[in-house]
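This report describes a ligand, the pocket around it and some details of the backbone. Please keep the sequence and the 3D structure in view while reading.

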Amino acid sequence: MDDDDVPLLGRLKDKLIGAKQDWARQGRGLTGAPDPKRRRLPPGQREVSDWPVLDLGITPDLSTADWSLTVAGAVEAPLKWSWDAFMAQPQTELVTDIHCVTTWSRYDNRWAGVTVRHLLGLVRPRPQAAFVMLKSFDGYSTNLPLDLFAAEDALLAHTWQGEPLSREHGGPVRAMIPQLYFWKSAKWLRAITVMDKDSPGYWELRGYHDVGDPWREERYR
Ligand SMILES: Nc1nc2c(c(=O)[nH]1)N[C@H]1C(S)=C(S)[C@@H](COP(=O)(O)O)O[C@H]1N2
Ligand SMILES: [Mo]
């Protein structure tokens with residue numbers, strides 16, 4: 001007796017087997033090539049092609065001559081940059097996605113500016129420093145962990161798609177921290193305070209998350 005003649009010890013589930021055989025033939029459940037859109041979009045977000053404007057209602061009208069940036073707090077070497085001093089720093093171009101907590105995401109924004117890493121290298125945060133507060137010319141503020149502010153792709157941006165950053169989007173200079181929801185990217189940036197202890201900014205005082213990682217959907221505290 002060869003193997004094919006072994007008596008079966010029950011009834012085969014013919015319907016199920018037939019159906020599964022059909023799935024294999026049809027490729028049921030296969031999604032084809034990985035969908036880059038899905039993998040690029042954090043949970044609960046949708047892609048937009050325009051660039052919405054979100055602010056508190058005040059749009060500071062700052063010339064580059066009016067603008068300056070102060071960096072102070074728990075740092076060894078506080079500094080204040082005029083526009084000229086800022087533009088004299090090494091310049092970096094980056095392409096990043098924006099994820100706003102109001103659920104829109106905008107891909108492939110091309111920025112130019114000075115990296116946060118470069119700035120932190122100059123001011124040298126003290127060993128116990130762990131948070132920063134960004135402060136803006138419209139009275140806005142936002143807090144975030146220092147290690148996330150120090151991410152390689154965090155920029156103090158003055159240019160978007162090759163053009164000076166418009167007034168409504170935070171020109172002359174805004175923060176651009178692509179790994180966090182966009183409310184952490186303070187427009188019309190005026191000051192950065194490095195802190196030992198965390199302290200809530202404008203939206204963080206109103207129920208928004210102290211960190212704000214879109215991949216963990218850290219929208220609210
Ligand atoms: N100074 C300042 N920065 C700000 C805000 C603000 O009201 N004032 N709004 C934040 C929010 S909630 C978002 S989503 C983004 C919006 O930036 P945009 O108007 O360039 O899209 O800026 C963030 N930075
Ligand atoms: Mo936002």
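## Polar contacts of the ligand

In this predicted model, an oxygen atom of ligand 1 lies 3.2 Å from a polar backbone atom of Leu56. Two further contacts involve side chains. A nitrogen atom of ligand 1 is 3.1 Å from an N or O atom in the side chain of Ser136, and a nitrogen atom of ligand 1 is 2.8 Å from an N or O atom in the side chain of Asp138.

How much of the accessible area of ligand 1 does the protein cover? On its own, ligand 1 has 530 Å² of accessible area, and the protein covers 97% of it.

## Residues around the ligand

The shell around ligand 1 consists of 20 residues. Pro52, Asp138, His169, Arg174 and Lys187 are the closest of these.

Sorted by class, the shell around ligand 1 contains 13 nonpolar residues, three polar ones and four charged ones.

## The largest pocket

Where does ligand 1 sit? Its place is in the largest pocket, which has a volume of about 400 Å³.

The lining of the largest pocket is made up of 22 residues. Those nearest the centre of the pocket are Leu54, Asp55, Tyr140, Trp183 and Trp203. By class, 15 residues of the lining are nonpolar, three are polar and four are charged.

## Two details of the backbone

Which residues are joined by a cis peptide bond? The bond lies between Gly171 and Pro172, and its omega is about 15°. Pro172 belongs to the loop that runs between strand β9, residues 163-164, and strand β10, residues 174-176.

The phi angle of Asp108 is near 55°. This is a positive value in a residue other than glycine.

Note on methods: Residues are numbered from 1 along each chain as its sequence is written. Chains are lettered from A and ligands numbered from 1 in the order in which they are written. This is a predicted model: local features need pLDDT of at least 70, side-chain atom pairs count only at pLDDT 80 or more; totals for chains, interfaces and linings use all residues. Side-chain values use heavy atoms; hydrogens and water are left out. A residue is near a molecule or strand if one of its heavy atoms lies within 4 Å of it. A polar contact is a pair of N or O atoms within 3.5 Å; within protein, one must be able to donate a hydrogen and the other to accept it, and residues adjacent in sequence count only if both atoms are side-chain atoms. Accessible areas come from the Shrake-Rupley method with a 1.4 Å probe; for residues, only the protein chains shown count as cover. On a 1 Å grid over the protein atoms alone, a cavity is a set of points where a 1.4 Å probe fits but cannot get out, and a pocket is an open set with protein on both sides within 12 Å along at least five of seven lines; lining residues have an atom within 4 Å of a point. A molecule sits in a cavity or pocket if more than half of its atoms lie within 2 Å of its grid points. Ala, Val, Leu, Ile, Met, Phe, Trp, Tyr, Cys and Pro count as nonpolar, Asp, Glu, Lys and Arg as charged, and the others, Gly among them, as polar. Grid points are joined across faces, edges and corners, and a volume is the space filled by probe spheres set on the points. Helices (H or I, at least four residues) and strands (E, at least two) are DSSP runs, numbered from the N terminus.
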